[in-house]
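Please examine the sequence and the three-dimensional model shown here.

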Amino acid sequence: MALANLLQIQRHDDYLVMLKAIRILVQERLTQDAIGKANQSKEGLPVALEKHVLGFETGDAVLNEAAQILRLLHIEELRELQTKINEAIVAVQAIIADPKTDYRLGKVGR
């Protein structure tokens, strides 16, 4: 039931029908391209955690390091989100922005 809820599959009285629906959905979504993309590891430049200020102390060095890592991952996600937002703005502006002007309507001076 939890898997069906996670995949947003409608509940059914017969659990076998639900399992078949889950199987079909997973087979459709897990194409070779999707599996290959999921298996790609993101590798970047190594980061020195001591150069980044956490901003608070937990009292535990391991917990502080984990918090720094989570903060850096969150910043990366925010950057990706901002890039997508910028792309959406550019796409909308390409549709609604009309650079054509009618110079006859313009006035010079008073």
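**Basis of the values**

This is a predicted model, in which local features need pLDDT of at least 70 and side-chain atom pairs count only at pLDDT 80 or more, whereas totals for chains, interfaces and linings use all residues. Residues are numbered from 1 along each chain as its sequence is written, and side-chain values use heavy atoms, with hydrogens and water left out.

**Overall fold**

The protein contains four helices and zero strands, and its pattern along the sequence is α-α-α-α. Helices (H or I, at least four residues) and strands (E, at least two) are DSSP runs, numbered from the N terminus. Of the 110 residues, 10% are buried; buried means under 20% relative accessible area, exposed means over 50%, and partly exposed lies in between (1.4 Å probe, protein chains only). Contact means heavy atoms within 4.5 Å. Among contacts between residues at least 6 apart in sequence, 8% join residues at least 24 apart. The protein exposes about 10,600 Å², of which carbon and sulfur atoms supply 59%. Accessible areas come from the Shrake-Rupley method with a 1.4 Å probe; for residues, only the protein chains shown count as cover.

**Nonpolar core**

A nonpolar core is a set of buried Ala, Val, Leu, Ile, Met, Phe, Trp, Tyr and Cys residues joined through side-chain atoms within 4.5 Å. The largest such core has six residues, namely Ala4, Leu7, Ile9, Met18, Ile22 and Leu25. Helix 2 (residues 15-29) gives the most to this core, with three residues. With neighbours within four places in sequence set aside, Ile22 is in contact with Leu3, Ala4, Leu7 and Ile9.

The expected span of a helix is 1.5 Å times one less than its number of residues. For the 36 residues of helix 4 this gives 52 Å, and the end C-alpha atoms are 52 Å apart, so the two values agree. Asn64, Ala67 and Gln68 are buried in helix 4 (residues 61-96). Thr58 lies in the loop between helix 3 (32-39) and helix 4.

| Residue | Relative accessible area | Contacts |
|---|---|---|
| Thr58 | 34%, partly exposed | Leu63, Asn64 |

Thr58 counts as partly exposed because its relative accessibility is 34%.

**Surface patch**

Leu78, Leu81, Ile85 and Ile89 form a nonpolar patch on the surface, with about 330 Å² of accessible area together. Patches are made of residues with over 30% relative accessible area and no salt bridge; like charges are joined within 9 Å, and nonpolar side chains (Val, Leu, Ile, Met, Phe, Trp, Tyr) within 5 Å. A salt bridge is a side-chain nitrogen of Lys or Arg within 4 Å of a carboxyl oxygen of Asp or Glu. Ile89 lies in helix 4 and, at 42% relative accessibility, counts as partly exposed.
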